[in-house]
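Hi,

Here is the structure I said I would pass on.

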Amino acid sequence: YGDWSSDVCSSDLTRPLPVARVVIIGAGTMGGGIAMSFADAGMPVRLVDASPEVLTKGLARIKANYETSVKRGSLTQAEADARFGRITPCEKLEDIKDCDAVIEAVFERMPVKQEVFKQLDAVMKPEALLYTNTSALDIDQIAGVTKRPEKVAGTHYFVPANVMKLFEVVNASKTAPETLAAAM
């Protein structure tokens with residue numbers, strides 16, 4: 001095979017931006033499943049919803065999902081408790097401003113998503129990555145309401161996100177390679 005490591009491992013390759021703190025916007029079925037995916041992978045995740053009632057219901061649904069896994073024998077109670085413990089509910093966007101990446105999972109309506117991205121752009125630290133879970137909307141239109149279109153991409157999860165281990169990474173016209181690499 002020869003010595004290819006110096007070519008493949010050169011500094012010219014795109015390196016993903018570091019992501020240690022993740023937040024999911026939207027505590028419905030999709031947002032809750034995405035939060036569980038991160039918790040299942042061992043990453044702490046914050047979960048935000050504009051509605052305290054939806055946030056409470058979303059957390060209850062997540063807890064019930066873990067309880068079902070314990071009853072089926074696919075998780076121990078300790079594993080379920082540890083995973084659920086990695087999910088931190090937050091009621092305000094100000095509580096997430098230190099996160100490295102955001103995955104938005106709100107209603108599939110352009111004005112709603114654009115409003116969320118305007119708010120995220122104003123609150124999040126400048127280097128934060130902003131991902132949308134849209135399956136059909138134009139990501140360029142979503143990115144266009146931010147001052148950081150190079151840090152916006154799509155991360156489309158399949159339902160239920162915590163079960164379906166597949167998602168699409170979608171770039172917009174100005175998405176930076178590092179933003180895509182971090183999503184992967």
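In β6, V152, G154 and H156 point one way while A153, T155 and Y157 point the other way, and all of them are buried (buried is under 20% relative accessible area, exposed is over 50%, and partly exposed is in between, with a 1.4 Å probe and protein chains only). In a regular strand, side chains alternate between the two faces of the sheet. Six of the six residues of β6 are buried, so the strand is largely enclosed by the rest of the structure. Helices (H or I, at least four residues) and strands (E, at least two) are DSSP runs, numbered from the N terminus.

Before I go on: this is a predicted model, so local features need pLDDT of at least 70 and side-chain atom pairs count only at pLDDT 80 or more, while totals for chains, interfaces and linings use all residues. Residues are numbered from 1 along each chain as its sequence is written, and side-chain values use heavy atoms, with hydrogens and water left out.

Back to β6 and its partners. β5 and β6 run parallel and are joined by three bridges; two strands count as paired if DSSP finds at least two bridges between them. L130 has V152 in β6 as its bridge partner. Towards β7 the pairing is antiparallel, with five bridges from β6, and H156 has E168 in β7 as its bridge partner.

Now the whole sheet. It is open, has seven strands in the order β3-β2-β1-β4-β5-β6-β7, and its pairing is mixed. The edge strands, each pairing on one side only, are β3 (87-90) and β7 (167-171). On average, neighbouring strands of this sheet are turned by 25° against each other, direction ignored (axes are lines fitted to C-alpha atoms, for helices over the stretch in contact, and angles run from 0 to 180 degrees between N-to-C directions). Elsewhere in the sheet, β1 pairs in the parallel sense with β2 (residues 45-48) over four bridges, and I25 stands opposite V48 in β2.

P89 sits in strand β3. Is P89 buried or partly exposed? At 41% relative accessibility, P89 counts as partly exposed. Leaving aside neighbours within four places in sequence, P89 is in contact with L47, L55 and L59, where contact means heavy atoms within 4.5 Å.

Next, the helices. α5 lies across β1, β4, β5 and β6, and runs at about 170° to β5. At 1.5 Å a residue, the 14 residues of α5 (residues 110-123) should span 20 Å, and the end C-alpha atoms are 20 Å apart, which agrees (the expected span is 1.5 Å times one less than the number of residues). Which residues of α5 are buried? They are M110, K113, V116, F117, L120 and D121. These cover an arc of only 135° around the axis, which puts them on the same side of α5; the arc is that of the directions from the helix axis to the C-beta atoms. The face turned away from the buried side of α5 carries the exposed residues P111 and A122. What the buried residues of α5 pack against is β1 (22-25), β4 (101-104), β5 (129-132), α6 (139-143) and β6 (152-157).

α2 is another one to look at. Ten of the twelve residues of α2 are buried, so this helix is largely enclosed by the rest of the structure. Among the buried ones are M30, I34, M36 and F38. Just after α2, G42 takes a positive phi of about 90°.

Finally, the cores. In the largest nonpolar core, which has 27 residues, I24, I34, F38, L47 and I87 touch the most other members (a nonpolar core is a set of buried Ala, Val, Leu, Ile, Met, Phe, Trp, Tyr and Cys residues joined through side-chain atoms within 4.5 Å). The elements giving two or more residues to this core are β1, α2, β2, α3, β4, β5 and β6. Its largest share, six residues, comes from α2. A second, separate core of 20 residues includes V48, V116, M124 and V152.

Best wishes
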